[in-house]
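Thanks, everyone, for making the time this morning.

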Amino acid sequence: QKEEEVVIARAIFKSPMPSALLEVVQKASGAGGFNAQHLVTAWGRIWRFERRNAEEDAATKALTGKLAELTRRMSAELDGKDVATVVHGMAKLQAMGKAPVYVSLLKTMETRALSGVGEMEESVVSMLTWSFGKANYKGSPELLQKLSERAAVLAQDFDPRSLTNFLYGLVAMGMKDPG
């Protein structure tokens, strides 16, 4: 089992173009060997193809659709860092607003983030907030509140970069000055 997971991860990472990555994802997810880490790795790779291989547009769209489907199905397996990576991959593809599937998927990722925000470390709070901001996702008041509350608890742990990313994300997500 572990060896198979490594083989899949390596194939995802080494896929030279969207069509090859799509083939790996379809094969692995159909065989049942595809896990949350594979999903996150694929989201982290897909946006790199968009700029390099414009001729593979159809494969990129098919791959994005397949990853969205798998993300919905596997969302319960994702932790905060995984959610941040998925949302960042979506942001890099500029998927927000292109199709209802992405708005819906961002809402799914918000729900997943809310379920674990109380246990997140400052780096994850920062990454998650920044990623939602980069996706131009206007989070729910509850998401903004929970992330802010968690950041307040962890305030002493934030380094300057994490704090800057966190604050950027809040502003990009629509948080207004309460004063």
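This is a predicted model: local features need pLDDT of at least 70, side-chain atom pairs count only at pLDDT 80 or more; totals for chains, interfaces and linings use all residues.

Which residues of α8 are buried? They are L143, L144, L147, S148, R150 and A151, and because these buried residues fall within an arc of 165 degrees when one looks down the axis of α8, they line one face of the helix. On the other side of α8 we find P141, A152 and V153, which are exposed.

The phi of N136 is near 55 degrees, which is a positive value in a residue other than glycine.

Let me move on to the charged side chains. As a general point, side chains of opposite charge can pair when their charged atoms come close. How many salt bridges does a search of the whole structure find? The search finds three.

One of these joins the side chains of E5 and K2, at 4.0 Å from N to O. E5 and K2 are three residues apart in helix α1 (residues 2-14), so about one helical turn separates them. K2 itself counts as exposed, at 63% relative accessibility.

In helix α4 (residues 57-74), K66 and E69 lie three residues apart, about one turn of the helix, and their side chains meet in a salt bridge at 3.5 Å, N to O. The side chain of E69 also meets that of R73 in a salt bridge, here at 2.8 Å, N to O, and E69 and R73, being four residues apart in helix α4, are likewise separated by about one helical turn.

Is K66 buried or exposed? K66 is buried, with a relative accessible area of 18%, where the cut-off for buried is under 20%. E69 counts as partly exposed at 37% relative accessibility, while R73 counts as exposed at 54%.

I will stop there and take your comments.

Technical notes: Residues are numbered from 1 along each chain as its sequence is written. Side-chain values use heavy atoms; hydrogens and water are left out. Helices (H or I, at least four residues) and strands (E, at least two) are DSSP runs, numbered from the N terminus. Buried means under 20% relative accessible area, exposed over 50%, partly exposed in between (1.4 Å probe, protein chains only). The arc is that of the directions from the helix axis to the C-beta atoms.
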